[in-house]
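Open the model in your viewer and keep the selection panel at hand. The tour goes from the whole chain to single residues.

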Amino acid sequence: MAKTVLQPGPSHPITVTPNPARIVVTVAGKVVADTTRALTLQESTYPAVQYIPIEDVDRSLLERTETSTHCPYKGDASYYSIPAGGERSTDAIWVYEQPHDAVKEIKDHVAFYPDRVDSIEVQG
């Protein structure tokens, strides 16, 4: 079955802007991500999400899962768990490896569920 592809617009705006702040994500006392190159994705009325370059994530702490979801605006998302965080950190991270053109900037960036990590600290 074909997946729906929708374009952001006045009724469902999406913006992606650079965030120069330092963002540090921790789980079980380990720094999972540390960046000053995040992108803030603001989608419609949802809370803003920080997308962190995968190069700034300690991939040795991640484990890819079979989970996948589809967003008609952004594309297909794949997921990673952070085993150090235990059951709570299952599917804690998502990534759009082939995002739709409207949000192409988030390619090679990951996002974290705030309730599945210990902290997402924004400094500055």
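**Whole chain**

Start with everything selected. A compact globule of 124 residues would have a radius of gyration near 14 Å, and the chain agrees, with 14 Å. That radius is taken over C-alpha atoms, and the globule rule is 2.2 Å times the number of residues to the power 0.38. This is a predicted model: local features need pLDDT of at least 70, side-chain atom pairs count only at pLDDT 80 or more, and totals for chains, interfaces and linings use all residues. Residues are numbered from 1 along each chain as its sequence is written, and side-chain values use heavy atoms, with hydrogens and water left out.

Draw a box along the principal axes. The C-alpha atoms fill roughly 40 × 40 × 25 Å. The chain exposes about 6,900 Å², and carbon and sulfur atoms supply 52% of it. These areas come from the Shrake-Rupley method with a 1.4 Å probe; for residues, only the protein chains shown count as cover.

Colour by burial next. Of the 124 residues, 43% are buried. Buried means under 20% relative accessible area, exposed over 50%, and partly exposed in between (1.4 Å probe, protein chains only). Among contacts (heavy atoms within 4.5 Å) with a separation of 6 or more, 51% come from residues 24 or more positions apart.

Go to cartoon view. The chain has zero helices and ten strands. Helices (H or I, at least four residues) and strands (E, at least two) are DSSP runs, numbered from the N terminus.

**The sheet of three strands**

Select β2, β3 and β10. They form an open sheet in the order β3-β2-β10, with antiparallel pairing. β3 (30–35) and β10 (119–123) are the edges; each has a single partner strand, so one side of each lacks a neighbour in the sheet. The average twist is 20° from one strand to the next. Axes here are lines fitted to C-alpha atoms, for helices over the stretch in contact, and angles run from 0 to 180 degrees between N-to-C directions. Two strands pair if DSSP finds at least two bridges between them.

Zoom in on β2 (residues 22–27). Its antiparallel pairing with β3 runs over five bridges. Pick I23: T35 in β3 stands opposite. Then pick V27, whose bridge partner in β3 is K30. Two residues separate the strands of this hairpin, and A28 takes a positive phi near 50° there. Most residues other than glycine have a negative phi.

**The sheet of seven strands**

Select the other sheet. This open sheet has the order β1-β4-β5-β9-β8-β7-β6, with antiparallel pairing. At the edges stand β1 and β6 (63–71), each with a single partner strand, so one side of each has no neighbour in the sheet. The twist averages 30° from one strand to the next.

T17 is partly exposed, at 39% relative accessible area. Beyond its neighbours within four places in sequence, T17 is in contact with A38, L39 and T40. T17 and L41 are 24 residues apart in sequence, yet 6.7 Å apart in space, C-alpha to C-alpha.

Now cross to β7 and β8. They pair in the antiparallel sense over four bridges. A77 stands opposite Y96 in β8.

Select S78, in strand β7 (residues 75–81). Is S78 buried or exposed? S78 is buried, with a relative accessible area of 15%. Show side chains. A polar contact of 3.1 Å joins S78 to R64. The term covers a pair of N or O atoms within 3.5 Å; within protein, one must be able to donate a hydrogen and the other to accept it, and residues adjacent in sequence count only if both atoms are side-chain atoms. Not counting residues up to four places away in sequence, S78 touches R64, T67, I93, W94, V95 and E97.

**Two aspartates in loops**

Finish with two loop residues. D91 lies in the loop between β7 and β8 (93–96). Although not a glycine, D91 has a positive phi of about 50°. D91 counts as buried at 13% relative accessibility.

Next, select D108, in the loop between β8 and β9 (109–112). D108 also is not a glycine, and has a positive phi of about 65°. At 41% relative accessibility, D108 counts as partly exposed.
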